[in-house]
Amino acid sequence: MPIFAKLMLPILLVVSWALTGPAELCAAVRIGVVMTGDIPYYSEMHETFVAELSRQIGATEKVEFLVQKPFPNSISWSNAARKLIAFDVDLLVTYGWPATAAVLHEKSAIPLVYAGVHAPNHAALAGRNATGCGFKVPLSSIVRYLKNLKSFQTLGVLFSSVEEDSVRQYETIKVLAARQGIQTQKIDIRSRFDPEQLKAIPADAVFIAASSLAHLWIEEILALLSEQQIPAADILPHAVESEVLMTLSQPPQPQGEMAAGMAAQILNGVAPGKIAPHTFRETELVFNLEVARRLGINVPIHLLIEATRVIE
Amino acid sequence: MKSWRLSCLVRGLAVGLLLWGLLPAALAPATDQPHELLVGIEPEHNIFDQMERYRHLADYLAGQLQIKVRFTIMSRYGEGIKRFKARKLDGAFLTPYPTNKALQELDLEPLVHPVGLDGDLTSQGYIFVRQDSAIRGADDMYGKSIVFVDPATMEGYLFPLAYLLRHGMDDLSRDFSRFYFAGSHASAILAVLDGRADIGAAKSTVFNRLADEDNSIRQELFILGRSPAVPEITLCLRKELDATLRSRLTTILLTMDQNSQGQMALKRFKALRFVKAMAAEFSKVAALEEEVRPLLKEAGKRE
C-alpha cells in the first residue's frame, strides 16, 4: 500500500464515522427559530419555550434549535426564514409579526408555531399550516392612564414603518387619542439615527409601540425622553431600572409555554390546523414611582391601587 | 330643740340631695339623645373625593342639628352591619345589599335616599365584557376570568351570581379560570378595560360616570346583563336613636333643597335632594339574595 494511502485511510475512516455515526449523536428534531428582533421580550419567551418543550418531549426526543435573530428589516427576516427552510427543519417557530409574515411569505410545507404577535388575526392564518398565540393590550387604557397621570395635548408615538404591526398600533392609538381631543405625533424608527428626532419632538408624553427597532435602542430613547422630562408608556415589559413611567403588558412566559405545548403536539403528529390559536388578553399594569418623581408626576392613589406592580 | 333642729337639717339635706340628684335627670331629654351623630359611609374608588363630598353634608347637618356630625368611612362594603351590631354607629349610608341585610338582621330604619344630579336615585348591576372579546353570552364565559366588586354588593356580586346561576354556572372555581374581587366598582370596570379580567360586574352609576368622563369606554365595553334598578344609597338609622333627633334629621334632609345653604351642600354632595326611603324598595334585593343563597352558602363554607 502506498504511503499516501496508508496515511489517508485512518482519516477517511474517521470522517466516514463522523458522517454516518450513530443516530443518537445527531439531533432527532430540528427546530428553526426566527425572532423579529434581538429584544428581551422575545428572548424570555424563547427561554420559556425551550424549557417547556424540553419538559414535554425532552425525555423522548433530542431537540436542536437553530436560532436566527436578524436585524429588524424585511430582507433580514426573509433571509432568516429562507435559511431555516433550506435546512429543512422539522418545525419553524417565530416571535413577533414581521418574522411570522416572512415565514408565511415563503409558503413552505414546514409547520409553523408563532408567538409574541400583538393582536394576531388568527382567522387570516387558517389553512396556512400554522398555529400560535399572541397578545392584545388595550391601547385605549394606555391613553386613559397617561391622561390621568398628566394633562397633555400631544402624544408622540414611537413605531417603525417597516414593522406592520407597529404601524397598526400607531393608527389605532391615533384614533383613540383623537377621541379624547389629543393630537398624535409620529416618530418612525428605522435606523439608529432616528431616535435623534426625540430631541425636538413637540410631545408631552410618548407611547412606545411593540416595535423591535424601537426596543433595540430603547435605552437611548428613554434617556433622550428623560432629558426632556417626557413620560413614556410601553406595551412591552421593562426591567425595574428602566426609565419608562408605565407599562401595560402581557408577560412573555405564558406565550412561551403555550407555544411549546403547540410545538410538542405538532412534533407528535398533530396538524397545526387542528390546534386552536390563542390570544392572551390578561395584562400587567406597572408604574415606576421613581421615574414619576423625577418627572414631577404625582401618581394618584386611585391609579396606584389598579397597578399589578409599583416600582419604588 | 336641738334634736328637732338637727332632724330638720338632716331632712333638709336629704331633700336637697334628692333634688340635686334628680335635677339633671329632669333637665336631660327623656330618650337617648347623643351629643354626636356618628354615620358610616361605604368606601368608593376615590375615598379622598368621597370624604370631601360628605364633609359638606356633615357640616350642614351639624349646623342645623346643633350637634357634632361625624362621617366615618368603613373599611369595606358590609362592615356597617358588624359595626351596627357593636353599637358604634348611629346610622350609615348603605348600598342596596347591606341595606337589605341591615333591615332584615338589625331592624334598622331606612330614612332617606339622595337623588343623583341626573334625577335618578337608583342603580343597576351591569355584567360587561370588552367589545373586541368573543364573549357574547353566558355560554362563552366558561374558562374565562371574572372580576366582582365585593361580596357585600348587590350590583357587583349578588346580581352577577344570579345571572350565572340562571345560565347553569353554579361553581365559580370550576366554571372560570380565575375569579376575584376588585374592591371597588371603578376597579372592576378598569380591570376589564385593561384586559386584566375577561368579564366584570359593577354598578351602572359608576359605569356611566366613568363613561361620561371618557367617552371611549362605552365603545369598548359591551353590556351583557342588567339587574333590576334599586335605590343606590340609603341612610339607615338605628331605631333606638332619639325620636326627636331622628325626626329633625329627616326634616332637615328632606327640605335642604329648599334653602340656599342646603342647596350649596347638596351641590357639593353631588345630589339634587333627598327623598323618603321605604323598606319595601329592597324586596328585589331580597329576592336576588334568596335566588343565590345556595352559592352564598357554598362561598361561606370556603371562607
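## Confidence in the model

In chain A of this predicted model, confidence is lowest in helix α1 (residues 3-20), with a mean pLDDT of 53, and highest in strand β3 (residues 91-95), at 98. Here pLDDT is the predictor's confidence in each residue, from 0 to 100; helices (H or I, at least four residues) and strands (E, at least two) are DSSP runs, numbered from the N terminus. The average pLDDT of chain A is 90, and 91% of the residues score at least 70. Two residues are in contact if their C-beta atoms, placed from the backbone, lie within 7 Å.

Residues are numbered from 1 along each chain as its sequence is written, and chains are lettered from A in the order in which they are written. Local features need pLDDT of at least 70 and side-chain atom pairs count only at pLDDT 80 or more, whereas totals for chains, interfaces and linings use all residues.

## Where the chains meet

In chain A, 16 residues are in contact with 14 residues of chain B. On the side of chain A that touches chain B, α6 (139-149) and α7 (164-179) each supply at least two residues. The largest share, 3 residues, comes from α6(A).

## Two helices in chain B

Helix α4 (residues 96-105) of chain B packs against helix α12 (residues 283-291) of chain B at an angle of about 90 degrees, and their axes are 9 Å apart. Axes are lines fitted to C-alpha atoms, for helices over the stretch in contact, and angles run from 0 to 180 degrees between N-to-C directions. The angle therefore makes α4(B) roughly perpendicular to α12(B) (65 to 115 degrees). B:P96, B:Y97 and B:N100 in α4(B) meet B:V285, B:A286 and B:E289 in α12(B).

Note on methods
Angles under 35 degrees count as roughly parallel, over 145 as roughly antiparallel, 65 to 115 as roughly perpendicular and the rest as oblique.
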